[in-house]
Amino acid sequence: MERTYTIGDLIKRCKAGERKAQELLYKQFASKMLGVCMRFATDKMEAEDVLQNGFVKVFQKIADYRGEGSFEGWIRRIMVHSSIEHYRKHHKMMQVVDLEEASDEVSVNPLASAKLEADDLLMLIQRLAPGYRIVFNLYAIEGYSHREIAAIAGITEGASKSQLSRARAVLKEQITKMEGKKYGYAG
């Protein structure tokens with residue numbers, strides 16, 4: 001029977017470079033962090049690549065973790081930044097649309113979104129244009145401000161707001177179409 005370690009024990013052992021502790025830490029957080037990477041990636045294979053690169057960074061930077069805040073949150077930030085870095089390396093630059101060109105803020109129909117399955121929503125997010133997907137994830141899911149997103153993505157705050165507005169509009173349209181098909185309505 002394998003010994004059970006606390007997260008604190010695993011962190012200490014990882015800081016000492018122990019491979020077994022790294023493996024156990026990976027197993028502890030990999031599935032949850034894959035979910036983070038999936039929202040930024042276009043498919044599971046790309047998300048798995050980002051996850052692997054993210055964990056390499058986790059183990060390279062683990063000595064920098066000072067125990068302030070949750071360890072899971074620390075790993076999550078690394079995964080988000082790894083996802084954005086992967087995007088910058090492998091995809092064209094984000095399509096930037098200024099706020100003046102964006103349509104009014106759109107809200108999603110709560111009845112339609114309540115009926116959506118989590119996998120359906122993930123699929124719709126993955127289908128967003130890369131710039132929209134990054135801003136939507138950073139703002140709506142990760143909780144970053146438009147100022148922080150602008151700094152991370154190298155765009156203006158107005159462009160961040162615009163990208164979010166457009167992403168919401170696209171998601172609303174796709175949700176409406178999906179719900180219409182599900183219930184036999186033309187869309």
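Let's start with K32, which counts as partly exposed because its relative accessibility is 46%; buried means under 20% relative accessible area, exposed over 50%, and partly exposed in between, using a 1.4 Å probe and protein chains only. Keep in mind that this is a predicted model, where local features need pLDDT of at least 70, side-chain atom pairs count only at pLDDT 80 or more, and totals for chains, interfaces and linings use all residues. Residues are numbered from 1 along each chain as its sequence is written, and side-chain values use heavy atoms, with hydrogens and water left out.

**Around K32**
- You'll find K32 in helix α2; helices (H or I, at least four residues) and strands (E, at least two) are DSSP runs, numbered from the N terminus.
- The K32 side chain makes a polar contact with the side chain of E72, at 3.3 Å. Such a contact is a pair of N or O atoms within 3.5 Å; within protein, one must be able to donate a hydrogen and the other to accept it, and residues adjacent in sequence count only if both atoms are side-chain atoms.
- K32 and R76 sit 44 residues apart in sequence, with 9.0 Å between their C-alpha atoms.

**Overall build**
- The protein chain has nine helices and zero strands.
- Of the 187 residues in the protein chain, 43% are buried.
- Take the contacts (heavy atoms within 4.5 Å) between residues at least 6 apart in sequence: 70% of them join residues at least 24 apart.

**The core**
- The largest nonpolar core has 50 residues, and F55, F71, M79 and L138 have the most contacts inside it. A core like this is a set of buried Ala, Val, Leu, Ile, Met, Phe, Trp, Tyr and Cys residues joined through side-chain atoms within 4.5 Å.
- Helix α2 gives the largest share of this core, eleven residues.
- Leaving out residues up to four places away in sequence, L138 touches F40, V80, I84, G143, Y144, I149 and I152.

**Q22, also in α2**
- Q22 belongs to helix α2, which covers residues 19–40.
- With a relative accessible area of 11%, Q22 is buried.
- Its contacts, apart from neighbours within four places in sequence, are C14 and F59.

**Salt bridges**
- The structure holds ten salt bridges, each being a side-chain nitrogen of Lys or Arg within 4 Å of a carboxyl oxygen of Asp or Glu.
- K27 pairs up with E23 in one of them, with the closest N and O atoms 3.0 Å apart. Because they are four residues apart in helix α2, about one helical turn separates K27 and E23.
- K57 and E85 form another salt bridge, at 2.8 Å from N to O. K57 is in helix α3 and E85 in helix α4, so this pair ties together parts that are 28 residues apart in sequence.
- K57 is buried at 17% relative accessible area, while E85 is partly exposed at 34%.
- R147 and E157 form a salt bridge too, their closest N and O atoms being 3.4 Å apart. This pair links distant parts of the chain, with R147 in helix α8 and E157 in helix α9, ten residues apart.
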